[in-house]
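Please find below a short note for a colleague who is new to this structure. The points follow the sequence and model.

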Amino acid sequence: MALGVLLLAALLLPALALAFAGLLGPALLVLALAGLLIATGLSVSVYDLGRALACRLRLPVPDTVGAFLGISLFAGSLSWSPLAFALALVGGAWGAGTLVLQRREAEHRQVLPLT
């Protein structure tokens, strides 16, 4: 999660600096990128949570049922806005950090061709 928070800070601080400098176009572009990062991270977190719950409950087809279960649980939180906002930020940061760590792990696992 710390890595996801650092990624968001790396995007939000330049956006704030650009906005104060009067460059609103690039600031909005960076903010849109931060929103995309949060949305992507949230989808990863919701899927992981739902899949883990589906596996624990031994439901059939945990990939599909887990995705539906995770989305349903998050949709249930939308009735109370502060909870949904907090879950979106925490889940987005967590998922963004997970994606970056998975990418690094995949790069380290690459097998170099024999020469």
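Predicted model: local features only at pLDDT ≥ 70, side-chain atom pairs only at ≥ 80, totals over all residues.

1. Residues are numbered from 1 along each chain as its sequence is written, and side-chain values use heavy atoms, without hydrogens and water.

2. The axes of α2 and helix α3 (residues 62-77) cross at roughly 115 degrees and come within 7 Å (lines fitted to C-alpha atoms over the stretch in contact, with angles from 0 to 180 degrees between N-to-C directions). Among the residues making the contact are Leu-42 and Arg-51 of α2, and Asp-63 and Phe-74 of α3 (contact means heavy atoms within 4.5 Å).

3. Arg-51 and Asp-63 form a salt bridge through their side chains, at 2.4 Å from N to O (a side-chain nitrogen of Lys or Arg within 4 Å of a carboxyl oxygen of Asp or Glu). The two residues are twelve apart, Arg-51 in helix α2 and Asp-63 in helix α3. Arg-51 is partly exposed, at 32% relative accessible area, and Asp-63 is partly exposed, at 37%.

4. Ser-45, in helix α2 (residues 24-56), is buried, with a relative accessible area of 15% (buried is under 20%, exposed over 50%, partly exposed in between, with a 1.4 Å probe and protein chains only). A polar atom of the Ser-45 side chain lies 3.1 Å from the backbone nitrogen of Gly-95.

Note on methods: Helix = DSSP H or I, 4+ residues; strand = E, 2+ residues; numbered from the N terminus. Polar contact = N/O pair within 3.5 Å; in protein donor to acceptor, adjacent residues only side chain to side chain.
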